[in-house]
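Have a look at the structure, and then let us go through them together.

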Amino acid sequence: MRWKYVLPVLLVPVIYLVIAFSLTAFAPQVETDTSLNFERLLGESPQAAELQRFTARDGEQLAFSHYPAESDVKLVLLHGSGYHGAYLAPLARHLAQDGAADVYVLNVRGHEASGSTRGDIDHVGQLEDDIADFIAHIRNRDPQARFVVGGHSSGGALAIRFAASPHGAMAVNTLGLAPILGHRAPTALDSSGGWAFISLPRIIGLSMLNTIGIHALDGLPTVRFNLPPDYRNGTETLAYSWRLMNNFNLHEDFRGDLAALPDTALVLVGRQDEAMKAEAFPSLFKELGKPVELVHGTDHFGLVLDPAVFDTIGTWLRQQ
């Protein structure tokens, strides 16, 4: 008689696993031809500086470009999702030539020339370790350096995440340009304006497996990016694994990450940003007592292309 009660209990974990593994079968798919404004971005970018490499703590080689200037302020810039640091060349070159900062653009692990696997990393938290290793690499050459970690789009989110991490004290300040705050934030737009498409079933399935300590499938892609074919050259990264998607983002407690920002951080968002709800930033940041500025007449990529924005960033960097 008692088996009548025991068997259903025993079946619960089996059913849980069947559901979880079944959900992981659904791969992310791009669902529209509409995407962000790449025409201006890739049409105006000057030649990026030559790639150099340094060795991270796990022995992997990670790539970066250096835009030198005579300054004790070292700006580590992080690119957004799906591409690499080359598109930040206009901003980096301007800031360096103006003497505002000695600028380093890091290709985030899992992207062009950084790490052994495109679109994947070893574990969540590895990207913060990489930034810390990169800062240590630069500091070995210049012990008096003061570091600012900044980024655009998902790179802006990673810069904020770094500030909230145990490594955050390595930098004196944070620069966020159109930072993507994640789907839980009031700033989120569905599919980030046609750019990023997730597989919600796969994410749910992997979340279920992670909850019980199963990580064997964390390398499966959970998001795909909609870069139009005309703008592809083979250096892009059009899909992220579960691990990279989660690390190249704020934590689930995104408010906690934002609250860890220095009070003198510079966060800029284009008022015409097509990847986010720009109008939702001021109230959110005011609630957390943190600074944010909407830039009129500027979209998602305008922040890394417009000379007036460059001057704003340069003025701020000279105060660090």
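## Valine 18 and its helix

Valine 18 sits in helix α1, which covers residues 3-23. Do keep in mind that this is a predicted model. The relative accessibility of valine 18 is 49%, so it counts as partly exposed, since the exposed class begins only over 50%.

Val18 also belongs to a nonpolar patch on the surface, together with Leu11, Val14, Ile15 and Ile19.

Is valine 73 buried or exposed? Its relative accessible area is 4%, so valine 73 is buried; the cut-off for that class is under 20%.

Which residues surround it? Beyond the neighbours within four places in sequence, valine 73 is in contact with Ala100, Ala101, Asp102, Arg146, Val148, Leu317 and Gln320. As for alanine 164, 91 residues away along the chain, its C-alpha atom and that of valine 73 are separated by 20 Å.

## Aspartate 142 in a loop

Aspartate 142 is placed in the loop that links α4 (126-141) and β5 (146-152). With 18% relative accessibility, aspartate 142 counts as buried, because buried means under 20%.

What does aspartate 142 touch, once residues up to four places away in sequence are set aside? The answer is Asp72 and Lys74. With lysine 74 there is a polar contact between the two side chains, at 3.1 Å.

Methods: Residues are numbered from 1 along each chain as its sequence is written. This is a predicted model: local features need pLDDT of at least 70, side-chain atom pairs count only at pLDDT 80 or more; totals for chains, interfaces and linings use all residues. Side-chain values use heavy atoms; hydrogens and water are left out. Patches are made of residues with over 30% relative accessible area and no salt bridge: like charges are joined within 9 Å, nonpolar side chains (Val, Leu, Ile, Met, Phe, Trp, Tyr) within 5 Å. Accessible areas come from the Shrake-Rupley method with a 1.4 Å probe; for residues, only the protein chains shown count as cover. A salt bridge is a side-chain nitrogen of Lys or Arg within 4 Å of a carboxyl oxygen of Asp or Glu. Helices (H or I, at least four residues) and strands (E, at least two) are DSSP runs, numbered from the N terminus. Buried means under 20% relative accessible area, exposed over 50%, partly exposed in between (1.4 Å probe, protein chains only). Contact means heavy atoms within 4.5 Å. A polar contact is a pair of N or O atoms within 3.5 Å; within protein, one must be able to donate a hydrogen and the other to accept it, and residues adjacent in sequence count only if both atoms are side-chain atoms.
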